[in-house]
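Have the model open as we talk.

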Amino acid sequence: MTEQKIRVLLAKPGLDGHDRGIKVIAAAFRDAGFEVIYTGLRQTPQMIVDAAVQEDVDAIGVSILSGAHMTLFPAILDELKERKAEDIILFGGGIIPDDDKAELEKLGVSKIFTPGAPTEEAIQFLKCEVEARKEQ
Amino acid sequence: MYSPEFLKKQKERRLKWEKEAEKFRAKKSLPRFFTVSGVDIDELYTPESIAQSDSDESSFDRIGFPGEYPYTRGVHHTMYRTRLWTMRQFAGMGTPKQTNERFHYILKQGGTGLSTAFDLPTLMGYDSDHPRSLGEVGKCGVAVDTLADMELIFDGINLGDVSTSMTINSPASILLAMYLAVAEKQGVPFEKLRGTLQNDILKEYIAQKEFIFPPVPSLRLITDMMLYCSKHVPQYNTISISGYHIREAGATAVQELAFTLADGFQYVESAIEAGLDVDQFAPRLSHFFNAHSDFFEEIAKYRAARRIWAKRMKNKYGAKNPKSWLMRFHTQTAGCSLTAQQPENNIVRVALQALSGVLGGTQSLHTNSMDETLALPSEKAVLIALRTQQVIAYETGVVNTVDPLAGSYFVEALTDQMEAEAEKYFDEIERRGGVLQCIEEGYFQRELSRAAYAHQRELEKKERIIVGVNEFTMEDEGIDIPVLYIDKQVEKDQSAFVKKVKAERDAEKVKATLEQLRQVARGNGNTFEALLDCSRAYCSVGEMCDVLREEWGEYTETQEAMLPT
């Protein structure tokens, strides 16, 4: 049996347009053999979760550099709960202070990557996490 | 520049030298000698490297004197000996009242230049009480909804006495209109107003992605505003053609140079098409570049930029006023080069980058704070950044003479090379049908993403070393940087304030001016005049943008532009 490809949805929530990071991640995931769906800029939490459910992805990755992370991450988590789609992994990256990072990970965000993290780290994280959830 | 006899001798001597040098080449301190942009650099530069500017005449044509065409050596005759660059630190946060306090503080410290950052809802044309503004109000800058906010920001500041730069693009005309309305209330004539509006929408489509309307009506907003300002606000820089964001989004130095100037030429062409005389608006165009870590590459970039701009303005667009030829620019050190690891190292990076901006002849400079990869800058970090500029200005001696690096074989050869590479990009952009076509088909966007990904792979393969990130790392850094938080109350206060202003203003006037704006947007009238009337009537940024959104539509990126590489 061939291994199923990891499907991941990438998006930029909020009003921030800085997309260098998310595009580098998209290219790295693609080269790692993942199926990547990038839905683009200014996606609302509803739009992101709608697309994730529709595309039946394993994970959602979002990038926030505007400082609105404490509003947007919880809104996506709420939306996932409402759609009973909590099995989808939520991870993200951006300019996120350590204290906020800890709080977000407590709230249910699987992982927050901060500047300087190698793309390989995100790839390994996703592989392990998807594997772990499948075993559950 | 050099006689043929000299060059012949030079070559003989060099070949002899090469034989000796060969003995040392087996050993290399680094695997590859290349710039941040991936350009390989020669082992040695000699008079032969700049033999292209062979005759005396072409040397004058290419390098010349500072303050004279083609301005390779700088835009002023005496540069920093007469006037240092403006140390213009970008600031803005929270409510209009908080920003007003910050501005008064800056002016009290002897500053004469203000630089305003706006929050994302303002940049995107939403009011603070709009659902899409949730969590973003007052975060990346100050929130402005109506003229009432602008009155608060500049309360107690005579607009005739300061120069104000405003970093805003899609709704730039609206914010300038509000600024003019404040001046009107203060009794300051428009002719006395000085400052710079960023107002560069093309680089938003290419790089920073804070766009609202499609490109064609966006360009109309800009040319309408240039037309109005050339008549009524003659001292205000109507646009700051920006490479900074293009570089931050991943561009190489040559891409930053070429794409920025291509944008600039597009604005010039649009204004000429709209019926303006080139010498009527070109002296008020300004530029904005990045200062990245590759010292000489950056210096060559600034020198090449001035030369290309001067040549084209004179020869292609027929500008006759020397002020239309010279490129004045602001510089900011590279946010994307700073590291979250061992953040104190960023002080050193910023200092070296700032020095390249100064040696490249910048007119003003913003130095980044060491902690900005972690959070909004703290007060201490901002102060160190400013002190860095002062150390360069007062202690290093680099201001003593004009353009000290001119004539360096390396710097001149690199300047020539960057000019030639930029010309290749101009040809490619033209071949593809121009700047707007390239945006639509995602050409610029893919070029940037490709360069950004290549850079990231070089780091991960350790072909490129970043101190503290992929080499010289520390296990437990114990970073203790104070983090600046914006109080959640800001959003509540600002939402309540815009509701109050909307309830108290003259509703009839609001309706009438917004309707007038709609008619102008549909027809051919001057949008800036209509926006000025709306601003005077306390229409909000969101209301004005909504009318324009309804008439012109909203821009979304094409699929081609969204591709990662």
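Q: Where does Pro70(B) lie?
A: Pro70(B) sits in the loop between α2 (56–62) and β1 (86–87) of chain B; helices (H or I, at least four residues) and strands (E, at least two) are DSSP runs, numbered from the N terminus. Keep in mind that this is a predicted model, where local features need pLDDT of at least 70, side-chain atom pairs count only at pLDDT 80 or more, and totals for chains, interfaces and linings use all residues. Residues are numbered from 1 along each chain as its sequence is written, chains are lettered from A and ligands numbered from 1 in the order in which they are written, and side-chain values use heavy atoms, leaving out hydrogens and water.

Q: What kind of peptide bond joins Tyr69(B) and Pro70(B)?
A: Most residues other than glycine have a negative phi, and most peptide bonds are trans. The bond between Tyr69(B) and Pro70(B) is cis, with omega about 0°.

Q: Is Met79(B) buried or exposed?
A: Buried means under 20% relative accessible area, exposed over 50%, and partly exposed in between (1.4 Å probe, protein chains only). Met79(B) has 7% relative accessibility, so it counts as buried.

Q: Where is Lys84(A) found?
A: Look in the loop between α3 (69–82) and β4 (89–94) of chain A. Lys84(A) has a positive phi of about 50°, though not a glycine, and is exposed at 71% relative accessible area.
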